[in-house]
Amino acid sequence: MSDPNDYKATGVPTPTAPPCSVDTESQTPATGGTQRQTQTPPVAGPGMGRFIERWKREDMLKKGCFGLRCIALLFSLFAFIIMASNKHGDWRDFDKYDEYRYLLAIAILSTLYTILLVLIQVYQLSTNKEIFSRKNSAFLDFFGDQLMAYLLLSAASSAVPLTNRMRENNDNIFTDSSASAIGMEFVAFLAMAVSAIVSGYKLSKQTYI
């Protein structure tokens with residue numbers, strides 16, 4: 001067996017073992033340290049995006065219905081006040097005419113209906129809680145808004161011919177007040193009609209249909 005000193009004497013370099021490659025990435029930290037691992041945060045997929053869009057759309061529809069019902073409440077209340085105070089003696093009293101009594105009754109009914117809906121929606125928007133289930137709420141909103149819109153249009157339309165006949169002969173504060181009350185109910189009808197359309201859209205988007 002040859003002696004390594006023989007290589008030194010002859011001037012031939014002593015062969016050395018090849019260096020070992022060290023994998024620095026696989027090394028564990030020293031004792032007492034904590035290994036840090038980078039984690040990629042979860043990215044919202046298309047399902048989450050659709051859910052957020054649907055939530056935003058439902059929130060916008062709720063606020064739209066709330067605004068429309070506030071408008072219907074305001075103008076129904078105006079129609080009620082104007083017609084109830086339209087008493088000026090003799091033939092210029094609203095309660096002497098069936099058309100005006102009907103208009104007043106529907107104005108009162110519309111005021112009570114919209115007050116109830118506005119209070120319910122204020123509670124739901126402030127507490128984020130549902131009083132009724134979505135199924136029952138969608139049906140009640142759609143049919144209630146539709147029925148009230150029809151009654152408002154019916155009452156206003158029935159009083160128009162009578163008011164026009166009166167204004168041909170006597171254009172006074174009584175006929176002007178009657179015309180104002182009719183106009184208020186027409187505006188309330190438009191608000192309720194649009195609200196009924198929105199309620200119908202919400203009903204058609206329910207998963208149980």
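## A tour of the helices

Select Leu-152. Setting aside neighbours within four places in sequence, Leu-152 is in contact with Ser-76, Ile-106, Ser-110, Glu-185, Ala-188, Phe-189 and Met-192. Contact here means heavy atoms within 4.5 Å.

A word on the model before moving on. This is a predicted model, in which local features need pLDDT of at least 70 and side-chain atom pairs count only at pLDDT 80 or more, while totals for chains, interfaces and linings use all residues. Residues are numbered from 1 along each chain as its sequence is written, and side-chain values use heavy atoms, without hydrogens or water.

Stop 1: Buried means under 20% relative accessible area, exposed over 50%, and partly exposed in between (1.4 Å probe, protein chains only). Helices are DSSP runs of H or I, at least four residues long, and strands are runs of E, at least two, numbered from the N terminus.

**Stop 2: Ser-137.** Find Ser-137 in helix H4, residues 134–169. Is Ser-137 buried or exposed? Ser-137 is buried, because its relative accessible area is 16%.

**Stop 3: annotated stretches.** An unreviewed UniProt entry annotates residues 66–84, 104–126, 138–160 and 180–201 as "transmembrane region". UniProt positions follow the numbering used here, feature names are shortened, and annotations may be inferred rather than shown by experiment. Select 138–160: the chain is 100% helix and 0% strand there, with end C-alpha atoms 33 Å apart. Next, 180–201: again 100% helix and 0% strand, with 32 Å between the end C-alpha atoms.

**Stop 4: Ile-81.** Go to helix H2, residues 46–84, and pick Ile-81. Ile-81 counts as partly exposed because its relative accessibility is 45%.

**Stop 5: Asp-90.** Move to the loop between H2 and H3, where Asp-90 is found. What is its phi? Asp-90 has a positive phi of about 60 degrees, although it is not a glycine. Asp-90 counts as exposed, because its relative accessibility is 61%.
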